[in-house]
Structures are given as C-alpha cells and as structure tokens.
Amino acid sequence: MARILSILVGLFFTVALAWSFGKGAYTQITEPPAATAEHEFHLHPKEVHFASDGAFGKFDRQQLQRGFQVYKEVCSACHSLSHVAFRDLAQLGYSEAEVKAIAAGFTVPGTDPNTGEANTRPGTPTDYFPKPFANDIAARAANNNAVPPDLSLMAKARHDGPAYIYSLLTGFTEQPAELLKEFPEAKTPSGLHYNPYFANLNLAMAPPLAADGQVTYGDGTKSTVDQMAKDVSAFLIWTAEPKLEKRKQTGWTVLGFLLFATILGYMSYRNIWAGTKH
Amino acid sequence: MSFPWANEYTPSHPFMKWMDEKLPLPRLVYNSVGSGYPVPRNLNYFWNFGFLALICLVIQIVTGIVMAMHYAANTAVAFDTIEMTVRDVNWGWLFRYGHANGASAFFVVIYIHIFRGFYYGSYKAPREMVWLLGVVIFLLMMATAFMGYVLPWGQMSFWGAKVITGLFGAIPFVGEPLQQWLLGGFAPDNAALNRFFSLHYLLPFVIVGVVILHIWALHIPGSSNPTGVEVKSESDTVPFYPYYIAKDGWAVGAFAILFAAAVFFFPNALGHPDNYIPANPMSTPAHIVPEWYFWPFYAILRAFTQDFFFIPAKLMGVLAMFGAILVWFFLPWLDKSPVRSGSYRPTYKKFFWFGLIPAMAVLFYCGGAAATEPYVMISQLAALYYFAHFLIILPVVSAIEKPLPLPYSITEAVLGKDEGAELAPAA
C-alpha cells in the first residue's frame with residue numbers, strides 16, 4: 001500500500017515535470033529566444049593585478065594614496081564613501097597632522113552651537129566622508145536621473161569587483177558599428193554612455209577619467225588614465241576591506257597552529273588505533 | 001540502553017561519588033561520549049561528519065552571539081551595523097566572516113552526513129527515529145539560515161526574503177493573508193526584519209534541543225556501520241573514548257584547516273556581491289538567487305514552469321520544493337530492502353552513484369544559474385530523476401534487488417581471513 005501510494009506521488013511530480021520540460025522544449029524550438037545586444041557585446045572585466053592579491057598580498061600604500069587623490073579630486077564630486085572615516089586614512093600611511101589637514105579640507109554637516117540650527121563646519125578625523133548630495137532626489141536631479149552609488153563597498157559589491165572598476169573606468173568607447181548593424185534599436189540613448197563592461201552596456205556616468213594628467217600625483221608617477229584607474233581601484237579595495245592585511249596575516253598564523261595541532265591529533269589517533277584492525 | 005559489555009562508570013574520587021549520587025551528569029557524559037559507549041570498530045571517515053556538524057553548531061552559536069551584540073535589527077541601520085562590526089569592532093571581521101562561512105561549512109558537513117545516511121541506509125530500522133529527528137534538524141537549519149541571510153539587509157537579503165515569503169502566497173485561499181501575517185506587512189520591512197532576528201536567535205537553541213534527542217535516539221540501538229550488519233559481540237566494538245574521540249579529534253583539525261582557509265583567504269567566495277549593496281525595494285537585482293545551500297531546492301521550485309491540470313505552476317513548484325525534503329521523512333518505509341548498506345546492494349548502489357549524485361549536482365548548479373534555457377530544461381530532467389529516485393526507483397529496487405552476501409559479523413568483515421590479528425583490547 002505504502003509502495004503504491006509512493007509511486008503515485010512520484011508519478012504526479014515526474015509527469016508534471018515532464019510536461020513542463022516538453023512545453024519548454026517545444027517553445028525553444030518553435031520560438032527560439034532572440035539574441036540581445038547585452039548578451040553579445042557585454043565583456044567580462046579585464047585581467048588586472050593588485051599588490052593586495054594573493055594569500056600574501058599587502059597594500060601598496062603609495063598606490064592607495066594616489067588612489068585616494070583620484071577619489072578626492074574626481075569621484076567625490078558625485079560618489080559618497082559613507083563607511084570610511086577620515087581617521088581611517090592613517091592606515092594609508094598619512095601622519096596624524098596630515099589626516100587632520102585632509103579632514104579640514106572637507107566641509108561636513110554640523111550644528112550651530114548657539115542657535116542649534118543646521119550649518120556646516122570643516123571636518124575632523126572622527127568625521128565620515130561627507131555625501132556630495134543631500135539626498136537621492138538631489139543626486140538624481142544632478143545626474144541625468146541616476147543615483148551615483150556609494151563607493152565604500154564597490155570592490156565587493158560587483159563580481160570580480162576591483163577588475164570591474166578598473167575595466168569600467170578604462171572601457172568607455174564608441175558604440176561598435178557591428179552592434180548598431182545587428183541591433184539598430186540598441187543605439188545608446190542620448191545622455192548615456194556606451195561601455196561594454198557595464199551590464200546593460202549604457203550607463204549614465206560620463207567617462208570620469210577623460211585625459212592623461214587629469215590628476216597631478218605628488219610622488220611623480222605619470223598619471224595616465226590607465227594608472228589613475230588602477231590606483232583608484234586599489235584604493236577601493238582598501239575601502240571595502242580595510243582589514244585585508246590583518247586577515248591574511250592572521251590566517252597564516254592560524255593555519256600554522258592548526259596544522260601542528262592536526263598532525264599531533266593524527267599521531268595520537270594512529271597511536272591509539274595501533275594494533276586494532278578496523 | 002547499551003550493550004552488556006559497555007564499560008561501567010566507577011567514580012573513585014569522593015567528590016565524583018557524591019556528584020554521581022546527586023546528579024549523575026559525569027555518568028551521562030561517560031555513557032554518551034566516553035568509554036561507556038561501545039561503537040562499531042569499522043566506521044569509515046563518513047562517520048566523522050556527525051561530530052563535525054556538532055562543532056559547526058557550536059561555531060555558529062558562539063560567533064552568532066558575538067555578532068548579535070553589535071547588530072541592530074532595524075532596516076535603517078542594520079546594514080551599517082554589520083559594516084561597523086567588520087570595520088570598528090575588535091576582531092569583528094573574524095566573527096562576521098566566521099559566521100557567514102560557518103553557515104556554509106555547516107551545510108557542507110550536513111549534506112555529507114545526510115548522503116552518508118542515504119548510501120548506508122542509516123534511516124532503516126531500528127534507527128528511524130534518529131533519521132526523522134535528523135530531517136527535523138535539517139529543516140530547522142534551513143529556516144535559521146534563511147532568516148540569518150535576511151539580517152544584513154542587503155539587496156539579496158531583501159529580495160530573497162520577498163521571493164521566499166512570496167511562496168506562501170501560492171497556497172490557495174489562505175496564501176495572501178498568511179504571507180502578510182508572516183511578514184507583518186505587505187512586503188519585507190522593519191516588522192519582518194525584527195521577527196526574523198528574534199527567530200534567528202531562538203531556532204539555534206531549538207536545534208540544540210533536537211540534536212540532544214537525535215543523539216539520545218542514536219544511543220539506544222547504537223551507531224550503524226559501513227557493513228550495515230548489527231553489532232553481535234564485544235569484538236565488534238571499541239569504546240567511544242579514546243578510539244573515536246581521537247579519530248574525531250584529528251578530523252576536526254582537518255576540517256578546521258579547510259574552514260580557516262575559507263575564512264581568512266576566500267571569505268566572500270560563497271557570498272553574493274549584491275548583498276554588499278544596501279536593500280533597495282525600488283531596484284530588483286538581475287538574478288535573485290538564495291545562498292548556495294538552497295540551490296537544489298530552488299532549482300526544483302523553478303523547474304515547474306507549466307500549470308498542471310488545475311494546479312498553477314507556482315503552487316506546483318512550492319509543493320515540490322517542500323516535498324523534496326518531506327519525502328525524506330518517509331524513507332524508512334519506502335526502502336523495504338532488508339540490507340542496509342549500499343555496499344551490498346548492487347542495483348541501489350548504481351542508482352545512488354549514477355542517478356542521485358549527478359542529479360543533485362545538476363540541481364546545485366542550475367539553482368545558482370540564471371532562470372534561462374538551457375538551465376531550466378536541465379534542472380527539469382534532474383528534478384524528475386530526484387522524485388523518481390525516492391518515490392519510484394527506491395521502493396521498486398528494494399523489492400526486486402538481489403543483495404550480495406553479508407559478512408557474518410563486523411569482526412569478520414574487518415579481520416577477514418586474517419586470523420592472527422588481535423581484537424580490540426577492552427579499555
């Protein structure tokens with residue numbers, strides 16, 4: 001009885017699945033899905049390497065400082081960095097005085113101590129990076145109806161994040177002629193910009209790194225578009241994962257201890273079971 | 001509840017004697033995981049995963065309690081409190097990554113533990129109750145993990161919660177009011193986040209309770225073993241301590257090495273990048289996928305694309321997704337074979353290795369892929385096999401299969417013709 005019941009229930013599910021499969025296969029043959037421009041022209045991020053990659057990776061602090069400079073002078077006009085405080089910049093190798101000076105260079109929201117009314121004041125190291133727009137509506141109004149996303153976690157919030165950021169920043173091009181030939185309706189709308197590394201190929205952000213030398217690096221590194229894109233990607237790896245170095249270093253200590261303990265454990269296992277066939 | 005040759009607890013210290021009279025807790029430990037519990041001597045490494053699962057539960061509870069100290073279940077700040085924990089709390093990143101990867105480790109271990117049970121027929125009499133309680137633990141784990149994934153209030157948290165609670169809406173008549181009652185609103189919001197946090201903290205302790213019952217029920221017939229032949233004499237067993245404590249001990253070490261490698265070097269490999277974007281009810285992610293450990297069941301849910309007679313496709317998917325796990329409850333009565341171990345069941349063994357395992361692997365893969373062809377069609381075939389395996393093949397095979405001859409005893413299986421080998425010394 002139980003067997004018959006079970007076979008009936010089994011047939012119920014398998015026949016329903018076979019029915020779904022058959023209908024799906026029929027639709028695939030009679031109405032194959034149309035190709036899309038996204039499907040054919042979207043590119044995976046370029047291959048790019050950073051000092052922080054790999055099990056022994058460490059940040060290149062010179063590069064992080066250059067990347068911070070690119071963020072400050074270019075990105076921060078539109079993109080917030082809300083999870084990072086000025087005090088965190090000490091980790092990039094800035095001295096206490098330098099951090100204070102950097103913070104003071106930003107204007108942050110404050111409260112008038114006499115009237116209690118909202119005002120602004122120069123930043124201090126304990127402040128977080130201020131947002132460039134008062135709210136999402138203001139951000140949309142200023143950016144062709146798109147909200148520039150916060151960058152703190154960007155390196156972890158996209159597949160292959162650091163390479164994606166680098167590819168996007170260096171990937172703006174003219175729309176390929178083949179694309180327009182094959183998909184005339186997929187022409188980049190006015191106000192958007194073609195970039196094959198962006199999921200739907202057209203994004204509201206204009207190429208932010210437009211020309212070599214846009215930022216003047218203090219350490220004499222030549223500021224090509226490629227270099228600036230790499231530097232700011234490295235900086236965003238740090239903002240997304242400030243504990244990366246400590247994590248990897250701790251990892252080796254932990255693995256070393258565990259390996260030692262496991263070998264001891266294995267030896268005691270062998271010792272205890274010696275002479276007992278199993 | 002044990003074999004007659006089990007070692008007897010004999011406290012020697014006066015304090016332990018006093019304790020044994022008032023509250024025999026040391027005796028309970030001795031008989032549960034000490035020298036007082038005789039275990040088959042021939043267990044292979046698949047039998048280590050029960051102990052590893054217990055370790056995972058402890059890791060989750062310890063890291064989870066610390067996470068909860070820094071977390072606030074409020075949609076306005078939940079995402080930020082997690083980031084604050086990672087950035088500003090001492091070792092906060094370790095607890096966060098340990099807890100997130102600990103959930104994955106727990107499911108890896110539990111899937112191996114469950115499939116060990118499938119292969120070796122661990123669900124069969126006299127261990128049906130052990131199996132039933134185990135399936136209850138698995139269901140509780142899934143509920144706990146699902147609600148835990150909602151707490152960071154990232155994009156996948158929110159949309160995952162929306163999709164999964166939306167499944168209740170497929171239930172006829174009561175679906176929609178039930179869904180709203182569960183969420184405390186029309187969509188996941190502060191009310192849902194708060195109750196998910198409350199339940200996410202509660203359920204692990206319910207799991208602890210059921211785990212105690214699971215082990216209690218196990219200790220009545222004693223552990224199964226790879227031959228599936230029941231224990232006959234003292235030479236078939238060794239005491240849990242020191243033999244299996246030592247074996248589990250080094251297995252925990254090996255597990256910890258792999259776990260640490262994931263936590264310290266690939267902490268985000270199993271997570272979805274979208275969950276580093278704060279929840280936004282106005283922006284739907286391109287592909288909504290749950291965590292990897294739900295993929296096989298998510299693939300089954302999505303495999304039903306057509307209405308079946310008067311049953312809507314969505315309801316079919318929901319029935320099948322829950323049915324895919326609930327069917328495990330009936331295994332002890334679906335599999336009538338008198339032989340436990342798959343090693344002595346030539347036909348069942350083939351269906352296990354060339355049917356169930358590939359079907360499960362395909363469902364894992366398709367559940368994580370986008371809901372487009374050919375993945376949907378492939379997952380339909382795999383899901384078809386999944387249901388056929390448990391509900392049709394297993395009952396039929398167990399009736400017609402001719403099993404291989406079993407060894408007379410565990411001792412014979414271990415020693416074979418090796419007459420000179422020493423038996424286990426009584427500890």
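**Ground rules.** I number residues from 1 along each chain as its sequence is written, and I letter chains from A and number ligands from 1 in the order in which they are written. Since the model is predicted, I ask for pLDDT of at least 70 for local features and count side-chain atom pairs only at pLDDT 80 or more, while totals for chains, interfaces and linings use all residues.

**Entry 1: the annotated span in chain A.** I looked up the UniProt record, an unreviewed entry, and found "transmembrane region" given for residues 251-269 of chain A. UniProt positions follow the numbering used here, feature names are shortened, and annotations may be inferred rather than shown by experiment. In the model, residues 251-269 of chain A are 100% helix and 0% strand, with 26 Å between the end C-alpha atoms. My helices (H or I, at least four residues) and strands (E, at least two) are DSSP runs, numbered from the N terminus.

Entry 2: Next I followed strand 1 (residues 107-111) of chain A, which pairs antiparallel with strand 2 (residues 118-122) of chain A over five bridges. I call two strands paired if DSSP finds at least two bridges between them. A:Pro109 has A:Thr120 as its bridge partner in strand 2 of chain A. Six residues lie between the two strands of this hairpin, and in the turn A:Gly116 has a positive phi of about 80°.

**Entry 3: where the chains meet.** I counted 53 residues of chain B in contact with 49 residues of chain A; contact means C-beta atoms, placed from the backbone, within 7 Å. Several helices of chain B each supply at least two residues to the side facing chain A, among them helix 4 (78-88), helix 12 (313-326) and helix 15 (375-400). Helix 10 of chain B gives the most, with 14 residues. By class, I see 39 nonpolar, eight polar and six charged residues on this side of chain B. For the classes, Ala, Val, Leu, Ile, Met, Phe, Trp, Tyr, Cys and Pro are nonpolar, Asp, Glu, Lys and Arg charged, and the others, Gly among them, polar.

**Entry 4: two domains in chain B.** Chain B divides into domain 1 (40-288) and domain 2 (302-409), with bounds from an automatic or database domain assignment. Their C-alpha centres lie 23 Å apart. The contact between them takes 23 residues from domain 1 and 21 residues from domain 2 of chain B. On the domain 1 side, helix 6 of chain B gives the most, with five residues.

**Entry 5: nonpolar cores.** I take a core as a set of buried Ala, Val, Leu, Ile, Met, Phe, Trp, Tyr and Cys residues joined through C-beta atoms within 7 Å. The largest has 103 residues, and B:Phe106, B:Ile300 and B:Leu363 are among those touching the most other members. Each domain of chain B contributes at least three residues to this core. Beyond its neighbours within four places in sequence, B:Leu363 has contacts including B:Trp295, B:Ile300 and B:Tyr386. I also noted a second, separate core of 41 residues, which includes A:Val70 and A:Phe86.

Definitions and conventions: Two residues are in contact if their C-beta atoms, placed from the backbone, lie within 7 Å. A residue is buried if 20 or more other C-beta atoms lie within 10 Å of its own, exposed if 12 or fewer, and partly exposed in between; C-beta atoms are placed from the backbone.
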